[in-house]
Structure formats: structure tokens, C-alpha cells
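Here is a friendly walk through one structure, taken helix pair by helix pair and then residue by residue. Have your viewer ready.

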Amino acid sequence: MNIIHIISNKAWGGGERYALDLCTALRSQGNNVAIVCRNKAEVLGPIKDAGFEPAVMRLGGAFDIFSPIHIARMARRFPGDGPVNIHVHNFKETATAVKVRQLCHGHRRINIVCTRHLVKAGKAKQLALYRAIDSLVFVSKRAKSEFIKGGFDLHDMNIDVVHNALPAAPELPQAQTLHQPPLILYIGRLSPEKGAHILVQALGKLTDLEWSARICGQGEGKYVMPMLRLCRTLGIDKRVEWPGHISDVSEEIAAAQIGVVPTTAPEAFGLSIIEMMRQSLPVVTTDNGAQPEIITHDTDGLMVAPSDPEALAEALRRLITDPQLRHSIGMAGRQRFADNFTYNAFYNKITEKYL
């Protein structure tokens, strides 16, 4: 198969990780894979580290006349005369893919796949563009249900829900689940919608207990600096580490006893949740997105209301003070991952969308 992945976001996140994992898997199976992205170091770095040489373009959506020309040339250069699949991970680049199809008319068949990584209603004014997509994939039922609130007729569209997945984790020695004091781990972008500030507020309510925390990720100073000041005000600055962006989070997860995903905005899926589950790390997260599709509260994870430091602190208190609960939830989470989020099943479903 011939596949071009268009990764147009300016920052690295779950959607970009999803796309790169898929590109790596496709390449390992002998497919012809090309990546197009913007000239952003945060995105270029991981792609190049994975052994790809991405084509750097403007990727300006409907107002970009140059990127489609360059991508059409890439499509024509694939060996043979078979179809070319263009997989976009940001909806605005669907317009780019449609232009490529027009430019390749009579030369190559172009199959357009779009993965929606957002919880957002569709727009009636974009219905023609939606219908130009050969396969529209949602990463959760919640993402799909929010999209169809646009209220337009989608009966003849190829729409499917394919949950995210992760390749198998490297073999690492897991930290002792019963270890005290427990290490609490956050991994993700440091931005308001990801809720790290809610975690800091919750940790400030747990000063009577023994614990340490690592908040891993990067963000803008106007968001991060107030959290650092709040840690000092709450008297927890000596307990909380801020190591910055971590490329390979497996070792961080293996060293922790509690994982936290305190997102305040609805999550379309939440890769960091299943990253922790696959390594038996008990997870506390919010219930405002696709999280109920991933975990069952009090069985293989804990869920609390978003933007509620009191509720988050109470859930963390339960895990900090009950090592056996940490162990049981962690093991149940690992089994849930094995039953539902392994990469082979995901890969087979996605590649059914390709020609």
C-alpha cells in the first residue's frame, strides 16, 4: 500500500503519537509510507527519531495552494500505478487532500481517510467536505456522538469508531506497587484543558500524607509559572518535580505507583490513560469525555468530576493510603488494556480503510 500521512498540528500530542505509531507499523509491514508536517521542532523531532524524513510544508488548509501541489507530486512518485491513501489527522487538511485528488485525476486514485481526534460537533457548511472523505474514523463513541450533533444527514458516509491503541510496552521492571511513599505521575501537555493546575490544587490538600509527584510535560510560562508559585504557597514544592517533556514515558510509568489524567476538557480518547494501564499503573482521571469507554470506575480505574480539586484529592487519598487497592486497580487496568486496546486489532481495523 501507498500511504501519505498529513500531520499538521504545531505541537506534539496524542493525535501526533497516534499517527507516528501507525506510520511505524505500516512501514514495518513493507508499505510505502510518507509523512507531511509543518516546520515545528516539537513535531519534527519525534518523527525523525523514528527514522522518517518528513516533507515539510505550510499546510494552511483551504487557503493553501502550494501544499496540495507538492503532495500530488509525492503521490505520483510512488512506485507502480496503485492507489494512494492520504490519511489526515486534522480535519482542515481534508481540503488539502481533496485538492490533491483533483490534481491527480487521471494519474492516481486517491483514497482519503480522516481520523477525528476531537470532541466537537460537525458543521453543516462543511457537509460537502465530509462527503468527500472515503472513510471518517472517530477515536471514540463520544467523539462520534458529539460530531453528529451537527444534525445533518450522514447515512451514506463511511463512518466508524476505532478506539486508540498502543504497541506493546517495553519489558521494564515495574516499581513495587506496595512501595511507600507512592510516586504520583502526570504525563501530558501543560495547558489548562489538560488540568495539571487541578492536580496541583489537589496535592495541596494531601499534605498530611507521604507522597511525591512528577509532572512531566511542557507548556507556556504564563500557565506553568503560577503552578510553580502555587506549589510554594501550598508547601509542596519540595515534593513535586517538573522534569519537562519526556520522549519515552515507559520508564516514568514503571517508576510510579499512581497515574493521574485530570483533563478539564472532554477527551476524545486519552492515550495517556491506556499508556498507564498497559503497565499496571492505577489511573485517576475525569469522567467528561471518552474515559467511561476506557475504564470502569472503581474496577480498573477511578473517575472524578472535572475541575474538582476536592474530588481528585479524595481519589488520590484512597490510592495513597490503600496499597492493595492500587494493586487491584492496576492489575485490572492491565487486563482491560489487553482485552481492548492492543495494537494488532487496531491496525487491522484501520488498514481496512486503505486501498
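## Helix 3 and helix 4

Helix 3 (residues 66-77) and helix 4 (residues 94-103) have axes that come within 9 Å and cross at roughly 55°. Axes here are lines fitted to C-alpha atoms, for helices over the stretch in contact, and angles run from 0 to 180 degrees between N-to-C directions. Helices (H or I, at least four residues) and strands (E, at least two) are DSSP runs, numbered from the N terminus. Helix 3 and helix 4 are therefore oblique to each other; angles under 35 degrees count as roughly parallel, over 145 as roughly antiparallel, 65 to 115 as roughly perpendicular and the rest as oblique. Their crossing is right-handed, the near helix being turned clockwise from the far one by less than a right angle.

On the helix 3 side, the contact is made by Pro68, Ile69, Ile71, Ala72 and Arg76, and on the helix 4 side by Thr96, Lys99, Val100 and Leu103. Contact means heavy atoms within 4.5 Å. These residues divide into six nonpolar, one polar and two charged. In this scheme Ala, Val, Leu, Ile, Met, Phe, Trp, Tyr, Cys and Pro are nonpolar, Asp, Glu, Lys and Arg are charged, and the others, Gly among them, are polar.

## How the model is read

This is a predicted model, where local features need pLDDT of at least 70, side-chain atom pairs count only at pLDDT 80 or more, and totals for chains, interfaces and linings use all residues. Residues are numbered from 1 along each chain as its sequence is written, and side-chain values use heavy atoms, with hydrogens and water left out.

## Nonpolar cores

The largest nonpolar core has 83 residues, and Ile4, Ile47, Ile71, Ile86 and Ile274 are those with the most contacts inside it. Such a core is a set of buried Ala, Val, Leu, Ile, Met, Phe, Trp, Tyr and Cys residues joined through side-chain atoms within 4.5 Å. Helix 1 (residues 14-28) gives the largest share of this core, seven residues. Apart from it lies another core, of 33 residues, including Leu190, Leu206, Val224 and Val260.

What does Ile86 touch, leaving aside its neighbours within four places in sequence? Its contacts are Ile4, Ile6, Ile71, Ala97, Val100, Ile110, Asn111, Ile112 and Val113. Ile274, placed in helix 10 (residues 271-277), is buried, with a relative accessible area of 0%. Buried means under 20% relative accessible area, exposed over 50%, and partly exposed in between (1.4 Å probe, protein chains only). Not counting residues up to four places away in sequence, Ile274 touches Asn164, Ala165, Leu166, Phe269, Ile294, Phe337 and Phe341.

## Helix 12 and helix 13

The axes of helix 12 (residues 309-321) and helix 13 (residues 323-340) come within 5 Å and cross at roughly 105°. That makes helix 12 roughly perpendicular to helix 13. Arg318, Leu319, Ile320 and Thr321 in helix 12 meet Pro323, Leu325, Arg326 and Ile329 in helix 13, a contact of five nonpolar, one polar and two charged residues.

## Positive phi in two loops

Asp298 has a phi near 75°, a positive value in a residue other than glycine. Asp298 sits in the loop between helix 11 (291-294) and strand 13 (302-304), and is partly exposed at 40% relative accessible area.

Ser307, in the loop between strand 13 and helix 12, has a positive phi too, near 60°. At 45% relative accessibility, Ser307 counts as partly exposed.
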